[in-house]
Every structure is written in C-alpha cells, then in structure tokens.
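User: I'd like to learn how to read the features of a protein model, one at a time. Could you walk me through this one?

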Amino acid sequence: MDFLFPLLILALLVPMFFGIRKQKREAEKVSSMQEGLKVGDQVVTTSGLYGTVVDLDDTTVDLEIAEDVVTTWLRQAIREVRADEQAVEETTPAIDAAVEESAEQTETRLTKD
C-alpha cells in the first residue's frame with residue numbers, strides 16, 4: 001500500500017509533463033512562423049481571413065485581403081502561412097465535365113420543395 005500513492009502521483013504527473021512540453025513546442029513553432037513572415041506570403045488569420053502580406057512592422061502586419069484593400073493585423077493574429085500550391089489550387093477554378101440530367105431528374109429536382 002505504501003507504493004500506491006507515489007505511483008498514482010507519478011501516473012498523473014507524467015501525462016501532464018508531456019502535455020506541457022507539446023504545448024510549449026507548438027507555441028515556439030507558431031512564434032517562429034510569425035517572426036519569419038515576409039512580404040508576399042499568403043497567410044490565414046486566427047479569424048479565418050485569407051490575405052497577402054504587403055508590409056511588416058515589429059508588432060503588426062498589413063494584409064491585402066482584396067484588390068487595393070489593406071488591413072492591419074497584429075502578428076499574433078496570423079495562424080498559418082499558406083503553401084503556394086494551396087493558393088494556386090483555390091484560385092484556379094476546376095474544370096469539370098458538365099453532367100447532363102434527364103427531363104425526369106430535372107422535374108424531380110425542381111418539384112422537391
């Protein structure tokens with residue numbers, strides 16, 4: 001019985017220790033990403049806004065969110081830097097073959113409501 005209490009404490013502290021280490025590594029990774037921002041990077045903010053970095057300061061980032069629309073954000077509001085292939089995939093429309101439907105399918109689709 002004397003060994004049960006120390007084992008219980010150990011069983012509770014070890015996962016907590018590893019969780020704190022993981023959280024610290026993630027925070028360092030995000031901090032280094034935010035410090036490594038450069039003009040032209042395509043980013044996503046913590047609120048989900050997509051933009052392109054047009055100017056940097058020590059604490060702020062100016063993002064172009066639409067043509068000639070520039071907003072100022074804190075560096076801490078940048079969640080991730082988008083990879084170039086992700087940006088290209090989302091900006092170029094996919095060309096899909098047109099799917100034809102029969103007159104019966106059209107009538108069913110239009111009269112569902």
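Analyst: Happy to. Let's begin with surface area: accessible areas come from the Shrake-Rupley method with a 1.4 Å probe. Keep in mind that this is a predicted model. On that basis the protein chain exposes about 9500 Å², and carbon and sulfur atoms supply 57% of that area.

User: How many helices and strands does the protein chain have, and in what order do the elements run?

Analyst: The protein chain has 3 helices and 5 strands. Reading from the N terminus, the order is α-β-β-β-β-β-α-α.

User: What share of the residues counts as buried?

Analyst: A residue is called buried when its relative accessible area is under 20%. Of the 113 residues in the protein chain, 15% count as buried. For contacts, take the pairs at least 6 apart in sequence: 37% of them join residues at least 24 apart.

User: Now the surface itself. Which residues make the nonpolar surface patch?

Analyst: Nonpolar side chains with over 30% relative accessible area are joined into a patch when they lie within 5 Å. Here F5, L8, I9, L12, L13, M16 and I20 make a nonpolar patch of about 700 Å². Take L12 as a worked case: this residue sits in helix α1, which covers residues 4-35. Its relative accessible area is 56%, so L12 is exposed.

User: And which residues form the negative surface patch?

Analyst: That patch is formed by E35, D55, D57 and D58. D57 belongs to the loop between β2 (50-56) and β3 (60-66). With a relative accessible area of 44%, D57 is partly exposed.

User: What is the idea behind a salt bridge, and how many are there?

Analyst: Side chains of opposite charge can pair when their charged atoms come close. The rule asks for a side-chain nitrogen of Lys or Arg within 4 Å of a carboxyl oxygen of Asp or Glu. By that rule the count is 2 salt bridges. One joins the side chains of K38 and D41, with 3.2 Å from N to O. In the other, E80 meets R79 at 3.8 Å, N to O.

User: Which side chain of opposite charge is nearest to D62?

Analyst: R75 is the nearest one, 10 Å away. D62 is buried yet has no salt bridge. To place D62, look in strand β3. Contact means heavy atoms within 4.5 Å. Setting aside neighbours within four places in sequence, D62 is in contact with T52, V53, V54, D55, V70, T71 and T72. D55 from that list is also one of the residues in the negative patch.

User: Let's stay with strand β3. Which residues does I65 contact?

Analyst: I65 is found in strand β3. Beyond its neighbours within four places in sequence, I65 is in contact with L49, Y50 and T71. The C-alpha atoms of I65 and L49 are separated by 7.7 Å, although the two residues are 16 apart along the chain. I65 is partly exposed, since its relative accessible area is 34%.

User: How far apart are the C-alpha atoms of A66 and Y50?

Analyst: They are separated by 9.3 Å, with the two residues 16 apart along the chain. A66 is found in strand β3, and at a relative accessible area of 39% this residue is partly exposed.

Definitions and conventions. Residues numbered from 1 in each chain as written. Predicted model: local features only at pLDDT ≥ 70, side-chain atom pairs only at ≥ 80, totals over all residues. Heavy atoms only, no water. Patch = residues over 30% accessible without salt bridge, like charges linked within 9 Å, V, L, I, M, F, W, Y side chains within 5 Å. Lys, Arg positive; Asp, Glu negative; His and termini not counted. Charge placed at Lys NZ, Arg CZ, Asp CG, Glu CD. Helix = DSSP H or I, 4+ residues; strand = E, 2+ residues; numbered from the N terminus. Buried < 20%, exposed > 50% of the residue type's maximum accessible area, 1.4 Å probe, protein only.
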